[in-house]
Amino acid sequence: MERPIGVTILAFVAIVLAFLNAIVMLRFLGFLPFLGVIEGRVFSLWYALLYGLLAYIWVWLAQMLWQVDQQAWIFLAVITIFNLCIDFVLLVTGGTWYDVNLSVLANALILIYIMLPGVRGAFRLD
């Protein structure tokens, strides 16, 4: 089966989001204290576990998108909304926009893009 260019772009965006979530996970484990506006080390095991799980899920989703799996579309919609919810919780509990800006923008763009009729057609959901 030939993979459409839009689905390939989505797979690469999923890899980028996995990388961003892995960086945030390392930041919450205290390994990257120079990222963010809070000076010093930030340690939160709960946030580190959530972002580590999200990084793993994004890698798994990228593999499903690369194979143009029909179930990848709905899973991409669900995980994108879940990621936006986690970013919102982080903002409410004391985080800053600087901590989540790339993740929020990328997830919002992905959610808008996958709702387009052409993308739905690539996954044979019409």
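**Close-up views of a predicted model**

**View 1. Helix 3 and helix 4 pass each other in a left-handed crossing.** The model shown is predicted. The contact draws on both helices. From helix 3 come Trp 73, Leu 76, Ala 77, Thr 80, Ile 81, Asn 83, Leu 84, Asp 87, Leu 90 and Leu 91. Helix 4 supplies Trp 97, Asp 99, Val 100, Ser 103, Val 104, Asn 107, Ala 108, Ile 110, Leu 111 and Ile 114. By class, 14 of the contact residues are nonpolar, four are polar and two are charged.

**View 2. The axes of helix 3 (residues 70-92) and helix 4 (residues 97-114) cross at roughly 155°.** They come within 9 Å. Angles over 145 degrees count as roughly antiparallel. Helix 3 and helix 4 are therefore roughly antiparallel to each other.

**View 3. Helix 2 spans residues 45-66.** It has 22 residues. From first C-alpha to last, helix 2 reaches 32 Å, close to the 32 Å expected at 1.5 Å a residue.

**View 4. Four spans carry the UniProt annotation "transmembrane region".** The annotation comes from an unreviewed entry and covers residues 7-30, 42-61, 73-98 and 104-123. Residues 7-30 are 92% helix and 0% strand in the model. Their end C-alpha atoms are 35 Å apart. Residues 42-61 are 85% helix and 0% strand. Here the end C-alpha atoms lie 29 Å apart.

Definitions and conventions:
Residues numbered from 1 in each chain as written. Predicted model: local features only at pLDDT ≥ 70, side-chain atom pairs only at ≥ 80, totals over all residues. Heavy atoms only, no water. Helix = DSSP H or I, 4+ residues; strand = E, 2+ residues; numbered from the N terminus. Expected span 1.5 Å × (residues − 1). Axes fitted to C-alpha atoms, helices over the stretch in contact; angles between N-to-C directions. Parallel < 35°, antiparallel > 145°, perpendicular 65-115°, else oblique. Left-handed = near helix turned anticlockwise from the far one by under 90°. Contact = heavy atoms within 4.5 Å. Nonpolar A, V, L, I, M, F, W, Y, C, P; charged D, E, K, R; others polar. UniProt positions renumbered as here; feature names shortened; annotations may be inferred.
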